[in-house]
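Please read them with the structure open beside you.

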Amino acid sequence: MQGLVRLGLTGGIGSGKSTVAQLLAELGAAVVDADAIARELTAPGGLAMPLIAATFGPDFIAPSGAMDREKMRVLAYADAGARQRLEAIIHPLVRQETQRQTLQAAGHGHAGIVFDVPLLVESATWREHLDWVLVVDCTLATQISRVMARSALTRAEVEKIIAAQSSRARRLAAADAVIFNDGLTLLDLADEVNQISHHFGLSSQPLSFNQK
Ligand code: ADP
């Protein structure tokens, strides 16, 4: 996998991280979505399900056969030991699937691979598998209004989610590059992503600028 650029992409909820991931994919990068992998592992028939059932018991399995996310969220929030046991099941499987998708991307001739990891800064192990970290940032007020606009969550609920994530300062301290996605049109954002993708050697396309 020599020469394959590995870029970690992170940002708080509502920062625009998924939008940036999508733009990078359009520019030719392969995108590995860590959250989607974790969700698949705990979906009905997911690879993590037998171990989750054996460790936590049938109470944590929904009728569909998926992990009961809400129950597990409450338990993991209240009991650090349970959270660690869950992570000990999920993380190695996420790592395995990530490696499989990385090899696949290399085989398909991508110039780079983007690891979309919401909790990158919180994790002790992700950084060592990455060449660069790109943080998508915006103000707290923008974060709150974007998340409220796209969901049924109240302001208090959004504030609680944000408070449970890393602080802006901690994320920014981990960044090799930052996109300040605030007061930008989507076209402006696409231009920035285009330049960043060339800067990190991710794009398979020539540098181009949108017409404004
Ligand atoms: P995240 O993945 O960080 O939670 P998203 O990429 O889903 O955030 O963006 C949150 C919402 O804000 C989406 O509806 C997205 O379309 C919108 N959005 C993000 N950046 C911009 C921007 N520069 N201009 C307008 N809307 C934006």
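1. Rings of Phe, Tyr and Trp, the last taken by its six-membered ring, count as a pair if their centres lie within 6.5 Å. In this model, which is a predicted one, a search of the whole structure on that basis finds three aromatic pairs.

2. One of these pairs joins tryptophan 132 and phenylalanine 200, whose ring centres are 5.3 Å apart and whose planes meet at 40°, so the pair is tilted. Tryptophan 132 belongs to strand 4 (residues 132-137), while phenylalanine 200 falls in the segment after helix 9 (186-199), so the pair ties together parts that are 68 residues apart in sequence.

3. Turning to the ligand, the molecule sits in the largest pocket, and the elements that give two or more residues to the shell around the ligand are helix 1 (17-26) and helix 6 (140-150). Helix 1 supplies the largest share of that shell, namely three residues.

4. Around the ligand there are 14 residues, of which Gly14, Ser18, Thr19, Arg150 and Asn181 come nearest. Sorted by class, the shell around the ligand holds eight polar, three charged and three nonpolar residues.

5. Which atoms of asparagine 181 and the ligand lie 2.8 Å apart? They are a polar side-chain atom of asparagine 181 and a nitrogen atom of the ligand. A polar backbone atom of leucine 184 is 3.0 Å from a nitrogen atom of the ligand, and a polar side-chain atom of serine 15 lies 3.2 Å from an oxygen atom of the ligand. Taken alone, the ligand exposes 560 Å², and the protein buries 74% of that area.

Note on methods. Residues are numbered from 1 along each chain as its sequence is written. This is a predicted model: local features need pLDDT of at least 70, side-chain atom pairs count only at pLDDT 80 or more; totals for chains, interfaces and linings use all residues. Side-chain values use heavy atoms; hydrogens and water are left out. A residue is near a molecule or strand if one of its heavy atoms lies within 4 Å of it. A polar contact is a pair of N or O atoms within 3.5 Å; within protein, one must be able to donate a hydrogen and the other to accept it, and residues adjacent in sequence count only if both atoms are side-chain atoms. Accessible areas come from the Shrake-Rupley method with a 1.4 Å probe; for residues, only the protein chains shown count as cover. On a 1 Å grid over the protein atoms alone, a cavity is a set of points where a 1.4 Å probe fits but cannot get out, and a pocket is an open set with protein on both sides within 12 Å along at least five of seven lines; lining residues have an atom within 4 Å of a point. A molecule sits in a cavity or pocket if more than half of its atoms lie within 2 Å of its grid points. Helices (H or I, at least four residues) and strands (E, at least two) are DSSP runs, numbered from the N terminus. Ala, Val, Leu, Ile, Met, Phe, Trp, Tyr, Cys and Pro count as nonpolar, Asp, Glu, Lys and Arg as charged, and the others, Gly among them, as polar. Rings of Phe, Tyr and Trp (its six-membered ring) pair if their centres lie within 6.5 Å; planes under 30 degrees apart count as stacked, over 60 as edge-to-face and the rest as tilted.
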